[in-house]
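Hi there,

Here is the structure I promised to pass on.

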Amino acid sequence: MFALVLGSVGLSSLTTGTGASLGVRVTGAGHTAYQVAGTANFGADTRIVVTFDNVGNAAGSYTIVNAGSLLGGQNLTSSGVNLPFLFN
């Protein structure tokens with residue numbers, strides 16, 4: 001799921017399959033936040049894929065999933081960062 005919107009994405013539940021990716025966008029104006037009323041259940045090797053609009057505005061801590069209950073948190077793996085520009 002790549003909901004690269006800023007602000008809340010309201011869901012009644014969230015379940016990812018093995019090897020799924022969950023997209024998050026971070027900007028100086030905000031970030032994607034999944035608000036799950038019920039259970040968020042992450043399958044094996046689920047990746048959080050973060051896209052930064054501007055790295056200079058990215059410092060901080062972000063809550064990207066807020067759920068009534070969480071299953072499979074240990075299944076989350078890290079991923080490379082998607083940058084919208086190149087550095088020289």
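Below is what turned up when I went through it.

One thing to keep in mind from the start: this is a predicted model.

Let me begin with the overall layout. The protein chain has 7 strands and 0 helices, so its pattern along the sequence is simply β-β-β-β-β-β-β, going by the DSSP runs. Of its 88 residues, 30% are buried. The chain exposes about 5000 Å², and carbon and sulfur atoms supply 53% of that area.

The largest nonpolar core is made up of 13 residues, and L11, L14, L22, Y34 and V36 have the most contacts inside it. At least two residues of this core come from each of strand 1 (7–11), strand 3 (21–27), strand 4 (30–41) and strand 5 (46–52). As general background, nonpolar side chains in soluble globular proteins tend to be buried together.

T46 counts as buried because its relative accessibility is 0%, and the cut-off for buried is under 20%. Its side chain makes a polar contact of 2.8 Å with the side chain of T16. Setting aside neighbours within four places in sequence, T46 is in contact with T16, G17, A20, N75, L76 and T77.

Best wishes

Conventions
Residues numbered from 1 in each chain as written. Predicted model: local features only at pLDDT ≥ 70, side-chain atom pairs only at ≥ 80, totals over all residues. Heavy atoms only, no water. Core = buried A, V, L, I, M, F, W, Y, C linked by side-chain atoms within 4.5 Å. Buried < 20%, exposed > 50% of the residue type's maximum accessible area, 1.4 Å probe, protein only. Helix = DSSP H or I, 4+ residues; strand = E, 2+ residues; numbered from the N terminus. Polar contact = N/O pair within 3.5 Å; in protein donor to acceptor, adjacent residues only side chain to side chain. Contact = heavy atoms within 4.5 Å. Areas by Shrake-Rupley, 256 points an atom, 1.4 Å probe, with all protein chains shown as cover.
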